[in-house]
Amino acid sequence: MFRKIWKWVLMGMAAPLARAIYRRYRPNVIAITGSVGKTTTKEAVYQVLKPYFDVAKTPGSQNTEWGALITLIYPGYQAYFYNSKGQAVMSVPKLLLAILRGFGSLFVTLKYPKNLVLELGVDKPGDMEFFNSLMKYDIAVVTKVGESHMEFFKTYDKLFAEKTNIFNGLKETGLAIVGSEKTDLRDYARKLVVRHMSVGTESGDEIRVVRSERQKNAPNYFEIFADGEKFEFNNLLFGRHLDLVFGIAVAIGLEYSLTVSQITEALSLMKFSDRRFDVTKLSNGAFLVDDSYNASFDSMKLAIEGLEDVANGKKVLVLGDMKELGEQSTDSHLRVGKVAATADYLFTVGELGRVITEGAIKAGMKKENVTSLPDLKNMDEVNSLADAIIKKISNNDVVLVKASRSTALDRVANSIKTKIG
C-alpha cells in the first residue's frame, strides 16, 4: 500500500515535469510501439542515427509510462533494476534523483539530446493516451499489431485501436510508419492525413524488403528498396525478423537525409539486446538462439520460422508459457504447437507449455520427440533439461529457447552455453 501511495505521489510530480522539460528543450521524438519488435527496432534506429546526430534512446526495455517519464526527464538514465525473475522494477531512490535533476534542468540549461528514440509499451487501455499527453512525435511507428496483452484488451480491435492511437500524437508535419504484414495496418495508415509509409514485402510498400530465391546459399542476405535506392544486407545477426526492423531503420535514416552507405554501414554494426534472438555458435558446431526475454504467438511464430535463416540441421525448440493472453491463451498456445510441429524435437516448460505440446502432437509431431515439464523449480532441474537438449544437437543444428520472461528459460540457455562452451 505504501509503495502504491508513493507511486501516485511521484507520478503526480513526474508527469507535469516531463511535459515542462519537453516544452523547454523541444527534442525531435521518434516513438515506436507494436506487439513485436519494439526494442530491436528502437536499437536499430538508434544505431543508424548515433554516428551523425545528438540522440538518446529508451534504456533497455524501460517502455512503461514510468520509462517514458524518466527518459523525458533524464534522457538515458536507467532508474530501474532487475529482480530475481528478470523483471524490471523501478528504484524509488533513482526515481527521486531523476526528478530532482529534472527540476534543475528547468532553471539551468543542461545538456539535452536533440533527438529521442522512445519505445512505448502498451500494456493496458489508456497507456497510449498518456504517452500522447506528454509530447508530440516527429515520427511515429507501429511495427505490428498482434496478440500480446489480450488479457487486458480482450479483443484484437481494441488492441489495434490502442496501438494506432500513437498517430494522434503526431505533429502535423510528422511521419507515420507501419509494418505491412497485416493489411489492416497498412490500410489504416493510408487513410491518415499525415505523411505515411508502409514497410513490407509487397510492391505497394514504400519500403520494400526482398529475399531473393537466388540467395539460398546466403540466407542472411536481403535487399531493401526505398526512395529509388537499393540497400543490401548480409547481416550476421540472422533471421527474417530483421526485415521489418531494418526496413523501418532505413526509412528513418532517409528521413534524416542519410545516404545509403551511411545507413548500411551503421546497421552492419548493430548488436541485439540481451535475450532477443541472441545467436551463439557453440563449440560443437550447433547454434543456440536465446529469445527468452518475452513471447507472444506472433513472436513465437516468427522466431521458429526464422531458424531457417540460422542453420539447416536439426531444429530443437525449448518453449514455455506465454503470459497476458487472456481468453485467447489456450488457443494461442495450441497454435504455437502447430507451428512447433515442424521442428525435430520439442521441449516445453509450464502448464501452458503442455498445451503447446498438445498442439504439436495434434499437428503430427511424434510423441517420442516431445518432452513436457511442469516447471523448473531449481538449478538441478535446469541443468538436467540442458543435458537432455545437448544430447540432441551436433554440428549445424539449432536450438531455440523462448517464453515469457517470468518462465526464466534464460537459465536453460545459460546452462547450455556453460556446459558446451
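These legends describe close-up views of a predicted model. Residues are numbered from 1 along each chain as its sequence is written, and side-chain values use heavy atoms, leaving out hydrogens and water. Because the model is predicted, local features need pLDDT of at least 70 and side-chain atom pairs count only at pLDDT 80 or more, while totals for chains, interfaces and linings use all residues.

**View 1. The largest nonpolar core has 48 residues.** A nonpolar core is a set of buried Ala, Val, Leu, Ile, Met, Phe, Trp, Tyr and Cys residues joined through side-chain atoms within 4.5 Å. Buried means under 20% relative accessible area (1.4 Å probe, protein chains only); exposed is over 50%, partly exposed in between. Leu 69, Leu 120, Leu 134, Met 135, Tyr 137, Ile 166 and Phe 167 touch the most other members. Helix H1 (residues 2–25) gives this core its largest share, eight residues. Helices (H or I, at least four residues) and strands (E, at least two) are DSSP runs, numbered from the N terminus. Another core, of 35 residues, lies apart from the largest one; Val 48, Val 117, Leu 175 and Leu 242 are among its members.

**View 2. Strand E15 (residues 345–349) is mostly covered.** Five of its five residues are buried. Tyr 345, Phe 347 and Val 349 lie on one side, Leu 346 and Thr 348 on the other. E15 runs parallel to E14 (residues 315–320), joined by five bridges. E15 also runs parallel to E16 (residues 370–373), joined by four bridges. Two strands pair if DSSP finds at least two bridges between them. Gly 320 stands opposite Val 349, and Leu 346 has Val 370 as its bridge partner in E16.

**View 3. Thr 407 sits in the loop between strand E17 (398–402) and helix H15 (410–420).** Thr 407 counts as buried because its relative accessibility is 14%. Leaving aside neighbours within four places in sequence, Thr 407 is in contact (heavy atoms within 4.5 Å) with Gly 320, Asp 321 and Val 349.

**View 4. Ser 292 lies in the loop between strand E13 (287–290) and helix H11 (297–306).** Ser 292 has 1% relative accessibility, so this residue counts as buried. Its side chain makes a polar contact of 2.6 Å with that of Asp 290. A polar contact is a pair of N or O atoms within 3.5 Å; within protein, one must be able to donate a hydrogen and the other to accept it, and residues adjacent in sequence count only if both atoms are side-chain atoms. Not counting residues up to four places away in sequence, Ser 292 touches several others, including Arg 275, Val 401 and Asp 410.
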